[in-house]
Amino acid sequence: MKKSSVSPITVLFVVAAILISYYSDVSSAESNSDPTPAPWPHQFHSILFVNFTGSLSLIDLWYDWTNGRNFNIIQDQLGSSEIIQNPSFASVGELLYDLEWNNGTVFRYTLDDKKKCSSTLIDVGILRPNWLDGATYLGQQFIDGFHCNVWQKVDFIWYYEDIVTKRPVHWVFYTGRSIHVMTFEVGAVLEDAKWQAPVYCFDKKQVHDHPASDNDILEIGSKGILREFI
Ligand SMILES: *[C@@H]1O[C@H](CO)[C@@H](O)[C@H](O)[C@H]1NC(C)=O
Ligand SMILES: *[C@@H]1O[C@H](CO)[C@@H](O)[C@H](O)[C@H]1NC(C)=O
């Protein structure tokens, strides 16, 4: 029986090949192992504490991807920005409703005697649950007392998510608007009747249509924080 012989060179090649494939596996595993942000639940309710260069507000956020709608119910601290914009505004502390439909229609209104409503048509729908896909991982950081993973997306937003619970804790827009998530109720849905814009929103005289390229996108975003990203 002939003795099989393997040359030392062959052994070296095999070992080298194994090592190369091992290390390339490790390095690709490393780049794939960066944490990714949890997609948003298709329906949730959050209370958000907002600080925009010292102007404070609370936002009741009802995200409802399932029904293609998103609601920001905004309470400025003591109604202050309304007073600045319109000193004759008597009802201090009233709520501003920012109701966004996935077909691009946005209603912004108050529910008081003034019957103010603006309706806007923009080219994009509400944020998708996976809107954070492709964000760049920046590492871990403590924020608001929570140990978080941090991502940045296209210089627009810095996003902080609790490492253990995967809940959003905080995000900051490039404009400096800073959001602190106070509650996060997954699956909470606002009843249908509350999504009905008041009848004066359908008064043709108050309807303004804007393409998405318009500056009004930012104006919408100046209150409706989710739009600000787009
Ligand atoms: C709001 O943000 C400003 C910085 O823009 C900061 O000085 C201030 O302390 C913040 N206020 C609250 C209540 O977090
Ligand atoms: C979008 O949907 C809302 C709610 O059903 C509706 O009031 C609005 O007119 C729609 N807009 C368009 C452009 O179809």
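This text walks through the predicted model from its overall make-up to single residues and ligands. Local features rest on pLDDT of at least 70 and side-chain atom pairs on pLDDT 80 or more, while totals for chains, interfaces and linings use all residues. Residues are numbered from 1 along each chain as its sequence is written, chains are lettered from A and ligands numbered from 1 in the order in which they are written.

Start with the chain as a whole. Its secondary structure amounts to three helices and 11 strands. Both kinds of element are DSSP runs, numbered from the N terminus: helices are H or I with at least four residues, strands are E with at least two. Read from the N terminus, the order is α-β-β-β-α-β-β-β-β-β-β-β-β-α. The chain has 230 residues, and 23% of them count as buried. Buried here means 20 or more other C-beta atoms within 10 Å of the residue's own; exposed means 12 or fewer, partly exposed lies in between, and C-beta atoms are placed from the backbone. Take the contacts between residues at least 6 apart in sequence: 46% join residues at least 24 apart. A contact requires C-beta atoms, placed from the backbone, within 7 Å.

Now the sheet. It is open, has 11 strands and antiparallel pairing, and runs in the order E6-E5-E4-E3-E2-E1-E11-E10-E9-E8-E7. Strands E6 (117-121) and E7 (136-143) stand at the edges with a single partner strand each, so one side of each has no neighbour in the sheet. On average, neighbouring strands are turned by 20 degrees against each other, direction ignored. The axes behind that angle are lines fitted to C-alpha atoms, for helices over the stretch in contact; angles run from 0 to 180 degrees between N-to-C directions. Two strands count as paired if DSSP finds at least two bridges between them. In general, strands of a sheet pair through backbone hydrogen bonds, either parallel or antiparallel.

Look next at one pair. Strand E1 (residues 43-52) and strand E11 (residues 178-186) are joined in the antiparallel sense by eight bridges. Ser46 sits opposite Phe184 in E11. An unreviewed UniProt entry places the feature "transmembrane region" at residues 7-24 and 44-63. UniProt positions follow the numbering used here, feature names are shortened, and annotations may be inferred rather than shown by experiment. In the model, residues 44-63 are 0% helix and 90% strand, with end C-alpha atoms 5 Å apart.

Single residues come next. Cys117 lies in strand E6. Cys117 counts as buried because it has 21 C-beta neighbours inside 10 Å. Its C-alpha atom is separated by 9.8 Å from that of Leu96, 21 residues apart along the chain. Val154 is not a glycine, yet its phi is positive, about 30 degrees. Val154 belongs to the loop between strand E8 (146-153) and strand E9 (157-162). It counts as exposed, with 10 C-beta neighbours inside 10 Å. Lys166 also has a positive phi, near 65 degrees. Its loop runs between E9 and strand E10 (168-173). Lys166 has 12 C-beta neighbours inside 10 Å and therefore counts as exposed.

Finally, the ligands. Asn51, Thr53, Gly54 and Leu56 surround ligand 1. Each such residue has its C-beta atom, placed from the backbone, within 6 Å of the molecule. This shell holds one nonpolar, three polar and no charged residues. Ala, Val, Leu, Ile, Met, Phe, Trp, Tyr, Cys and Pro count as nonpolar, Asp, Glu, Lys and Arg as charged, the others, Gly among them, as polar. Around ligand 2 stand Trp101, Asn103, Thr105 and Leu121. That shell divides into two nonpolar, two polar and no charged.

Definitions and conventions: Contact = placed C-beta atoms within 7 Å.
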